[in-house]
Amino acid sequence: MLILAALGVLAGLLWSHLSPRAPYTVAGTETVLADPSTQALIAADGWFAVVTGGLGLASGLAVWLLNRREGQLEALLGLCVGGALAAFLAYWAGSTFTLGVVTVEAAAQPGLKVVPGSLDLTARGVLVSWPLAAVFVFGLLEGLHGYRESPLRNPMGL
């Protein structure tokens, strides 16, 4: 589970590097979305799902390869809890640290300063992409492996 947590922090930094920032204008003491039709908010959610989902697939495969014979239930619970923790840490690290080049392109009103917004998730459901992908791959591989070795596969003994 600690390995997944460390991977979660690295995933958050990768998400911070890959995701675009939404442009905001500073008007007085508040910030307002500079371009209401921007796709940057959706792109940030998509990049989070791609990064964490891919690592979920890889961690599910790795855990299945390491625990094929015994401890499948413990491994599955570890994937579920560790994947959720890793996704939360990825969200925290990505929204806390800004990596990469942040460009802001917006048609703001003249005289208003345009600044990049902080990285955030608008669709909180993508937080389950890591544990969901990990448990899916683990279950799929376990089911295929169990079917191949099952005596019920060939009931007549032919």
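This is a predicted model: local features need pLDDT of at least 70, side-chain atom pairs count only at pLDDT 80 or more; totals for chains, interfaces and linings use all residues.
The secondary structure comprises four helices and three strands, which follow one another along the sequence in the pattern α-β-β-α-α-β-α. Of the 158 residues in the protein, 30% are buried, and among the contacts between residues at least 6 apart in sequence, 82% join residues at least 24 apart.

**Nonpolar core**

- The largest nonpolar core has 21 residues, and those with the most contacts inside it are W15, F48, L121 and W130.
- Helix 1, helix 2 (40-66), helix 3 (72-96) and helix 4 each supply at least two residues of this core, with the largest share, six residues, coming from helix 3.
- L121, one of the residues with the most contacts inside the core, touches W15, A44, D45, F48, Y91, V126 and L127 when residues up to four places away in sequence are not counted.

**Aromatic pairs**

- The structure holds three aromatic pairs, and ring pairs link W15, F48 and Y91 into a cluster.
- The pair of W15 and F48 is edge-to-face because the ring planes stand at 75 degrees, which is over 60, while the ring centres are 5.0 Å apart.
- Since W15 lies in helix 1 and F48 in helix 2, this pair ties together parts that are 33 residues apart in sequence, and both W15 and F48 are buried.
- The pair of W15 and Y91 is tilted, with 6.4 Å from centre to centre and 35 degrees between the planes.
- This second pair links distant parts of the chain, given that W15 is in helix 1 and Y91 in helix 3, 76 residues apart.
- W15 counts as buried because its relative accessibility is 0%, under the 20% cut-off, and Y91, with a relative accessible area of 16%, is buried by the same cut-off of 20%.

**Helix 2**

- The 27 residues of helix 2 should span 39 Å at 1.5 Å a residue, and the end C-alpha atoms of this helix are 39 Å apart, which agrees with that expectation.
- The buried residues in helix 2 are A40, A44, D45, F48, V51, T52, G53, G56, S59, G60 and W64.
- An α-helix has 3.6 residues a turn, so residues three or four places apart point the same way.

**S19, in a loop**

- S19 is placed in the loop between helix 1 (2-18) and strand 1 (23-27), where S19 is buried because its relative accessible area of 5% is under 20%.
- A polar atom of the side chain of S19 lies 3.0 Å from the backbone oxygen of W15.
- Leaving aside neighbours within four places in sequence, S19 is in contact with A44, W47 and L119; of these residues, A44 is listed among the buried positions of helix 2.

**S129, in helix 4**

- S129 is found in helix 4, which covers residues 129-149, and S129 counts as buried because its relative accessibility of 16% is under 20%.
- The side chain of S129 takes part in a polar contact of 2.6 Å with the side chain of T52, a residue that is buried in helix 2.
- A polar atom of the S129 side chain also lies 2.8 Å from the backbone oxygen of V126.
- Not counting residues up to four places away in sequence, S129 touches F48, A49, T52 and G53; F48 is also a partner of W15 in the edge-to-face pair.

- Although A93 and V9 are 84 residues apart in sequence, their C-alpha atoms are 5.7 Å apart in space.
- A93 touches V9, G12 and L13, not counting residues up to four places away in sequence.

Terms used. Residues are numbered from 1 along each chain as its sequence is written. Side-chain values use heavy atoms; hydrogens and water are left out. Buried means under 20% relative accessible area, exposed over 50%, partly exposed in between (1.4 Å probe, protein chains only). A polar contact is a pair of N or O atoms within 3.5 Å; within protein, one must be able to donate a hydrogen and the other to accept it, and residues adjacent in sequence count only if both atoms are side-chain atoms. Contact means heavy atoms within 4.5 Å. A nonpolar core is a set of buried Ala, Val, Leu, Ile, Met, Phe, Trp, Tyr and Cys residues joined through side-chain atoms within 4.5 Å. Rings of Phe, Tyr and Trp (its six-membered ring) pair if their centres lie within 6.5 Å; planes under 30 degrees apart count as stacked, over 60 as edge-to-face and the rest as tilted. The expected span of a helix is 1.5 Å times one less than its number of residues.
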